[in-house]
Amino acid sequence: MTKVPACVALFLIISGLAFAQVKSPDQFLGYKLGSRFTPHFNIVNYCRQVAEAAPEMVKLEQYGTTNEGRPLLLTYVTSPGNLARLEDIRQNNLRLAGMTSDKMAPDEKGPAIVWLSYNVHGNETSSSEAALLTLYELVNPANTKTKEWLQHTVVIIDPCINPDGRDRYVNWFNSVVGVTPNPQSFTREHAEPWPGGRSNHYYFDLNRDWAWQTQVETQQRIVKYNMWLPQVHVDYHEQLYNNPYYFAPAAEPYHEVITPWQREFQTIIGKSNAHYFDQNGWLFFTKERFDLFYPSYGDTYPLYRGGIGMTFEQGGHSRAGAAVINRDGDTLTLWDRLYHHFTTGMSTIEVSAQNATKLVQEFKKYYDKARTTPPGEFKAYIIKADEGCKIVRLQQLLNRNNIEWCKAVNASYTGINYFTGKSGTVKTDSLDIVINANQPNANLLKVLFERNSHLSDSVTYDITAWSVPFVYGLTTYGLSTYVTGVRKTTDLDKPKIKALNGENSVAWLIRWNGLNSVQFLSAILQKKVKVRYAEQPFKAGNEDFDKGTLIITRTSNQSLGASLSGIISAAAQKASIGYIAVSSSFVDKGFDFGSEKVHGMHAPKIGLLAGEGVSSLSMGEVWHFFDTQINYPINIIWANDLSKNILRELDVLILPDGNYRFLADRMLNDALKDWVSNGGRLVAIESAVGQLAAADWGIKMKKGDDDKSDKTDDKKDDYSMLRRYENRERDFIPGFNPGSIYKVELDNSHPLAFGYNDAYYTLKQDNTIYEFFKDMGWNVGVVRKDNQVAGFVGSKLKDKLKDGLLFGVQEMGQGNVIYLADDPLFRSFWENGKLLFSNAVFMVGQ
């Protein structure tokens, strides 16, 4: 019998005691996992308990905090040997991707990094419960299989991406459920109230935010993601409770940059999952519905970062409650749902461990090829700087995604202009930026900057166009050669601050050309500064100023005395904007500051409707814009509470996308019209415009050829009505617009278009377009023929979406109705629309 040394025996005893202290979820929580929903604080507590009890295998890290103050966690789980060199493994992984400056050769033998993300949608609650069981079984000393897997993998568990949304749902559900959950789907515990727990605090869908990173949860998570770049990433979801489980391989279309190996491993994972599901007699489906195209999902973004990204979908989410009877008459429980997720998680870790070396080697090949032979039609991009802050905001996006960029030098290049589609010469200076494609993130760069995406299948789950130059409205050229003589940088541009006369200033001038202009205006209005704006261009002190320029005169602000200049300086510094001080109200060209062409402005009292019938996503975009981007106060009002008394307290009322019952009520509809006529400003977004059209407010929806009443339908030989049942999901494609980019021609002499040139690029997601105003309104943003720029549009819609109005202003008495048929704040990443929306709120009607 071999004698064990005393030191080894002591280590084994200590290790055994540590593992003995690791409690199962049932032991720690005091109830059987799946019998009730676990609040987020106990998810955190359980992860801490495991990390403290098994420090040889588990490391816990808080990587951020939500809007509501809840912690965001990562739990690293691996073998004791791997955990002891965890930082070395991370650095080696970055060497594989070419993301470090050291010259050390990377180790291509692994381990593979597997990242499991749970509960990105707050009311898809089973996955966080599954995370607890997965974590336990990885460290459970009785589970010898997982110990073998962890020799070849580092598993990173994010137990809850969206704690605020999860707790919104869980706290509500726990407040309405009885001792025993009621599985009848018509009962109240299956009818989650507005706004639901799917979204985060500001009602954003975090699963659409990976690339854009508009939300604090995403911004903090991607910092850590960039530090690890896992070979495998799984995003856990829930779908309608009657659906079987979904896992990889995904549906077409796959984006063209996705490699054969990434496709192959999707199938390898799918077959492994199928093996375990078949053993248990569980139904599932693959290769349907969930495609790999839009770049900002939890499955596509990891694919474009060199990993294997996958979505797993369990039937359930909020409508399932803790138990529900499905259409087969079976009762689907929370335990069923979480155990299905647990099974695919363990299967993924197992297969990743078995293929760890291959995963690592293919990961390195992905990045090697990106640097040497990048994909796409262009080898470099030139982005011309604007006069506002859009170029800086683009630089921020590039930095967050680790896309390398350079400051341009004075030179001339030949390239394709994104906006014209034609080849031309572009001269650059130090304010412009250059992006060379031969870099580690060449694939993500190609996807974000592609002019028009190749679709292998026109049935997609999300928008089909997102090209960054159109999103930001920045003139961009694609080049066929690399740009040399420039160096990488992460430094953002600084504002230019000029003082033409310094201490003797009688007025301060701020150009109206971007979001930072709006931030500045918000700050000074709240300091009671009186502001004016120019209706026409002018020239002062050899400087040219465009329409919309903000003018702050000392004469109008005498009550503020000597503090005025300090208020302006502080606001400009906070908004990172330049300003110019002048010594006279006399201008060299244009209208003087006392002219009637220079209008006074007051701080508007703004109302935003929320509640049943209102799109929480649309409402959340507006709320987030005011609350976090321009820091301007807004009054959020339940749509069902809107009344004459509330309207009297408002200058501006915003109707997000939604369905407003009060517009069908004659008394309330008339009261709203009276409020507008007396000076109110009504801002209607997306479907709210259509409802105003239906309520005879003066705007009219444009009808397409299919809507004409004189169309004859009596053709005896018309076989178009004969459709095949198997094609039923594709029959709607000719009338389908999942999200495409259109060029909108602007009347930039109108305040709604101040700060723009003569064109704007909109993301259109529907088939609505409106007739031109004839006498009673202003056609500020119109679409003419052949103005589609990028994305898929069904053949039946192409003829309809032309020669019509998308953005307009109707004068009604002393007030205005502003129509925004497309969403200018789309998911908060459509940067070029933010000034348009701000014009609707602050400029129109002043």
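User: Which residues line the largest cavity?

Analyst: Lining the largest cavity are Lys390, Arg393, Asn513, Gly514, Leu515, Gly755, Tyr756, Glu831, Asn832, Lys834 and Leu835. They are called lining residues because each has an atom within 4 Å of a cavity point. A cavity is a set of points, on a 1 Å grid over the protein atoms alone, where a 1.4 Å probe fits but cannot get out. Before we go on, this is a predicted model, in which local features need pLDDT of at least 70 and side-chain atom pairs count only at pLDDT 80 or more, while totals for chains, interfaces and linings use all residues. Residues are numbered from 1 along each chain as its sequence is written, and side-chain values use heavy atoms, leaving out hydrogens and water.

User: What volume does the largest cavity have?

Analyst: It holds about 100 Å³ of space, and a volume here is the space filled by probe spheres set on the points, which are joined across faces, edges and corners. Helix 15 (390-400) and helix 25 each supply at least two residues of its lining. A helix is a DSSP run of H or I with at least four residues, a strand is a run of E with at least two, and both are numbered from the N terminus.

User: What makes helix 25 largely enclosed?

Analyst: Ten of the ten residues of helix 25 (residues 834-843) are buried, so the rest of the structure largely encloses it. Buried means under 20% relative accessible area with a 1.4 Å probe, protein chains only. Among these buried residues are Lys834, Leu835 and Phe842.

User: How do you know that Tyr632 is buried?

Analyst: Its relative accessible area is 5%, which is under the cut-off, so the word applies. Tyr632 sits in the loop between helix 20 (616-629) and strand 29 (635-638). Beyond its neighbours within four places in sequence, Tyr632 is in contact (heavy atoms within 4.5 Å) with residues including Pro604, Ile606 and Phe842.

User: Why is the pair formed by Tyr632 and Pro604 called a polar contact?

Analyst: A polar atom of the Tyr632 side chain lies 2.7 Å from the backbone oxygen of Pro604.

Key: Buried means under 20% relative accessible area, exposed over 50%, partly exposed in between (1.4 Å probe, protein chains only). A polar contact is a pair of N or O atoms within 3.5 Å; within protein, one must be able to donate a hydrogen and the other to accept it, and residues adjacent in sequence count only if both atoms are side-chain atoms. On a 1 Å grid over the protein atoms alone, a cavity is a set of points where a 1.4 Å probe fits but cannot get out, and a pocket is an open set with protein on both sides within 12 Å along at least five of seven lines; lining residues have an atom within 4 Å of a point.
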